[in-house]
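Please look through the chain shown here. The account below goes from its overall division to annotated positions and then to one helix pair.

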Amino acid sequence: MASTQTPLLDRVAGPSDLRILSDAELALIADELRNEVIDIVSETGGHLGSSLGVVELTVALHAVFNTPMDKLIWDVGHQCYPHKVLTGRRDRMRTLRQKGGLSGFTKRSESAFDPFGAAHSSTSISAALGFAVGRDLGMPTGDAIAVIGDGSISAGMAYEALNNAGDEGRRLFVILNDNEMSIAPPVGAMSTYLSRLCAPDPLARMHSLTEGFEAAMPPPVRAGMRRARQLVSGLPGTGTLFEELGFDYIGPIDGHDLGQLLPVLRAARARATGPVLIHCVTVKGKGYEPAEKSADKYHGVSKFDVSTGAMNKAKSNAPSYTSVFGETLTDEASRDPSIVAVTAAMPAGTGVKTMADRFPGRVFDVGIAEQHAVTFAAGMAASGLKPVCAIYSTFLQRGYDQVVHDVALQGLPVRFAIDRAGLVGADGATHAGAFDLAYLCSLPGFVVMAPSDEAELRHMVTTSLAHDAGPSAVRFPRGAGVGAELPERGDILPIGKGRIIREGEEVAILSLGAHLSECVVAADLLAEQGFNPTIADARFAKPIDTELLADLAATHSAIVTVEQGAQGGFGAHVLSHLANSGALDRGLRIRTMTLPDRFIEQAAPNEMYEDAGMTAQDIKEVVRALYARETKILSFPAVG
Ligand SMILES: Cc1ncc(C[n+]2csc(CCOP(=O)(O)OP(=O)(O)O)c2C)c(N)n1
Ligand SMILES: CC(=O)[C@@H](O)[C@H](O)COP(=O)(O)O
Ligand SMILES: [Mg+2]
């Protein structure tokens, strides 16, 4: 239950209720909304800082524009909690990011006020331009407004969209939400440029004072108004990058001051004929001291105590895979000066921060720019360095052509550290690391490894650093390991060789990666019923261990593969090898346990695996049916 007093907010069932309020009342709504968001996220966890930074902006945009006819598109969507509260979802906010609950991002299926789903960054301007073209070609849609952060505007897609939109010249609004933060402090020349734009401009202010229209505005608004005047008068701009690209540029304005936001948005809405960029300066975590003070820590939070800001993080006895990766990388880097690392705006999340703290000159944060990160790493590999490109599985999807064309085709020894492989939990389907096995195993020359525990991860990082013959990848899940004893230093594993974990008979479970622990539980359950399957840990998804496969095929009547990934990955390669090598001709039965052919909705990771039919119990049943020579159909019908 909400513990905050929200008398005005209680009267808002939807944005139309905002449009009848005075500006002063809107400011009060913003205050109540901020407290409401803090209260909600303290119970649910989630992306707090980004949401607090756009409270006033959210109120102003819904008050000025005619949503949902006008299309408001939040980039990433991680800042959309105030938007959800105002757009008819307030009563379900406390289900945020949980099984069956509201998504932590914008989602078309959730509301007409979410015209475009997101969670990966830098897509908003492209999507908004699509809506603008739809409107201009007669579709029943109004204005298109993209809200994009200073971190997200660093990605190639955002530039591609600005380039296209500036050239198209269609009426379109881009709100640049500049809080001088990505998850970590922002990097790059664009970030420096935005800071320069925000530097005081006394000359411009003096100039605006001479203009009657602007002089009527409260002092802080005048600079923004000057830009608005340029917009309507057609006077040449002052040459900001955005203006050079064909946008009218308004700002910078204070994104927390409704006294500035409302008149600027109203003027822009009333008069724009082409693309307009409104530069709002905001504070990440605004209005909640712990979040303002530690914008990185409060970007994404677990449940917390509102009065102290202390977070309720579930403690684990085992280290996280991420931390084992970070420590192993750093240790290896201390022995080999040619090791360098690349992150695309996720130094803490990927664990490369550990290395950056020790060897800052050898770790490169390129901002949200996965495509560039991959090719940049390829260039470093071509120069003779040993680059480790640390990108979450889901975000590496964006750099796929670079993985194929710049890395694999040239056989360059880029090492990919692919965190968040498999199902990740509350971030849901958008962040699931479901596809990397499928998209990497088909690439000639790639070595693809998946550790079954954190000790194996250590070996695999060392192996990958020692492997100079071509590209390699280690994919591992989010969260804690299993508590395996960690070796001081990783061993170099023989490439393409798996291992037998438990010798059994008749049915072999061939596991790849962290689901091995589930396979062991399944085998233990079967042992209680008198069955004794073999368990093998493949270690490598590519190259597959053909000798091990031949042995298993020769000594068992059935093989079940298990992997934390979509169809088309490890199991598919095993099946294809066994088929082509004739093993199936002798009657060998195969089952491939993968994620089903549908997106798995957010829930706790174990619940998501339950939904996917991949629990220890599920594995047990599949194996049990093979012992019984029953055909247990593993069919995963696509949904909708
Ligand atoms: C393609 C992609 N890469 C990385 C991320 C992870 N990520 C989510 S939010 C974020 C920072 C975004 O910064 P900004 O746009 O400035 O928004 P803010 O959080 O500051 O409001 C990052 C790196 C992502 N969602 N998508
Ligand atoms: C919105 C976004 O993409 C990130 O903030 C992401 O939620 C981080 O995920 P982890 O918590 O797994 O690092
Ligand atoms: Mg930002």
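Into which domains is the protein chain divided? In this predicted model, the chain splits into domain 1, residues 9-293, domain 2, residues 321-475, and domain 3, residues 499-627.

Domain 2 and domain 3 touch one another. Their centres, taken over C-alpha atoms, are separated by 26 Å. To the contact, domain 2 contributes 24 residues and domain 3 contributes 27 residues. On the side of domain 2 that touches domain 3, helix H21 (436-441) and strand E10 (447-449) each supply at least two residues. H21 gives the most to that side, with four residues. By residue type, the side of domain 2 that touches domain 3 consists of 17 nonpolar, four polar and three charged residues.

The annotated positions come next. An unreviewed UniProt entry carries the annotation "binding site" for His78, Ala119, His120, Ser121, Gly151, Ser152, Asn179, Tyr288 and Glu370. These positions are spread over 293 residues of sequence, and they are also spread in space, with up to 31.6 Å between C-alpha atoms.

UniProt also lists Asp150 and Asn179 for "binding site", again in an unreviewed entry. The two span 30 residues in sequence, yet no two of their C-alpha atoms are more than 6.8 Å apart, so they gather at one spot. Asp150 is found in the loop that runs between strand E2 (144-149) and helix H7 (156-168). Asn179 has its place in the loop between strand E3 (172-178) and helix H8 (189-198).

The last part concerns a helix pair. Two packed helices are described by the angle between their axes and by the distance between those axes. For helix H24 (residues 546-555) and helix H25 (residues 570-580), the axes come within 11 Å and cross at roughly 65°. Angles of 65 to 115 degrees count as roughly perpendicular, and therefore H24 is roughly perpendicular to H25. The crossing in which H24 passes H25 is right-handed.

Which residues of H24 and H25 make the contact? From H24 they are Thr546, Leu549 and Ala553, and from H25 they are Val574, His577 and Leu578. Of the residues in this contact of H24 with H25, four are nonpolar, two are polar and none is charged.

Conventions:
Residues numbered from 1 in each chain as written. Chains lettered and ligands numbered in written order. Predicted model: local features only at pLDDT ≥ 70, side-chain atom pairs only at ≥ 80, totals over all residues. Axes fitted to C-alpha atoms, helices over the stretch in contact; angles between N-to-C directions. Parallel < 35°, antiparallel > 145°, perpendicular 65-115°, else oblique. Left-handed = near helix turned anticlockwise from the far one by under 90°. Contact = placed C-beta atoms within 7 Å. Nonpolar A, V, L, I, M, F, W, Y, C, P; charged D, E, K, R; others polar. Domains from an automatic or database assignment. UniProt positions renumbered as here; feature names shortened; annotations may be inferred.
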